[in-house]
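Let's take a walk through this structure together, one stop at a time. Keep the 3D view open and turn it as you read.

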Amino acid sequence: MKHDNNKELLPLVDEEGHVVGSATRGECHDGMSMLLHPVVHLHVFNERGEVYVQHRPEWKTVQPGKWDTAVGGHVDCGETVEAALAREAREEIGLSQFTPEFMCRYVHQSAVERELVYVYRTTTDAPLAPSDELDGGRFMTPDELWQHMGHGFFTPNFEAEWKRVFGDE
């Protein structure tokens, strides 16, 4: 069975994104340390205005079995946010040619971790191929997305971020 690598080293940052140290994924996700670490999110739209969402596999430590942002992942030590975004898009959904548009940066805290989230969006009709890091994915219309909000279908972070960034788009 797959699992997250709790020994993976992640950069620690301040709220402005300056690197101030490093810690393992396990330390960052232990629910006690709340060590701030950077992550990237990419919302992928097609030309019809539908948004792609990924299904998180059951083996994930955080929010297993929920639907989430098309692309999301940690920034590695020594990696830029832009390089992490390109790597995660390629690794998670096979997207390598896209133009990201920066939307915002914010601090998100859950019961198990604290993240500095860099949010981007892109529009593409390139074929998407979810990797084995995911349990599939699909496009949803904005109406369909809103119908699922508040029912435990999406991760709480996805719902909060969607409302923050896109409102009722």
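Let's start with Val44. Setting aside neighbours within four places in sequence, Val44 is in contact with Glu50, Val51, Tyr52, Ala70, Ile93, Leu95, Thr122, Thr124, Leu128 and Phe139. Keep in mind that what you are looking at is a predicted model. The mean pLDDT of the chain is 92, with 95% of its residues at 70 or more. Among the elements, strand S8 (residues 114–123) has the highest mean pLDDT, 98, while helix H1 (residues 25–28) has the lowest, 90.

Back to Val44, which also turns up in the largest nonpolar core. This core has 21 residues, and Val44 is among those with the most contacts inside it, along with Val40, Leu42, Ile93 and Leu95. Where do its residues come from? As a general rule, nonpolar side chains in soluble globular proteins tend to be buried together.

Val53 brings us to strand S4 (residues 51–55). How many of its residues are buried? Five of five, so this strand is mostly covered. Val51, Val53 and His55 point one way from S4, Tyr52 and Gln54 point the other way, and all are buried.

Now look at what S4 pairs with. S3 and S4 run antiparallel and are joined by two bridges, with Phe45 having Val51 of S4 as its bridge partner. These two strands form a hairpin with five residues between them, and Gly49 in the turn has a positive phi of about 85 degrees. S4 also pairs with strand S9 (residues 137–140), antiparallel again, through four bridges. There, Tyr52 has Phe139 as its bridge partner. Then comes strand S5 (residues 67–69), which pairs with S4 in the antiparallel sense over three bridges; Val53 has Thr69 of S5 as its bridge partner.

One last stop is Met34, in the loop between H1 and strand S3 (36–45). Its phi is near 50 degrees, a positive value in a residue other than glycine. Is Met34 buried or exposed? Its relative accessible area is 17%, and because that is under the 20% cut-off, Met34 counts as buried.

Conventions. Residues are numbered from 1 along each chain as its sequence is written. This is a predicted model: local features need pLDDT of at least 70, side-chain atom pairs count only at pLDDT 80 or more; totals for chains, interfaces and linings use all residues. Side-chain values use heavy atoms; hydrogens and water are left out. pLDDT is the predictor's confidence in each residue, from 0 to 100. Buried means under 20% relative accessible area, exposed over 50%, partly exposed in between (1.4 Å probe, protein chains only). A nonpolar core is a set of buried Ala, Val, Leu, Ile, Met, Phe, Trp, Tyr and Cys residues joined through side-chain atoms within 4.5 Å. Contact means heavy atoms within 4.5 Å. Two strands pair if DSSP finds at least two bridges between them.
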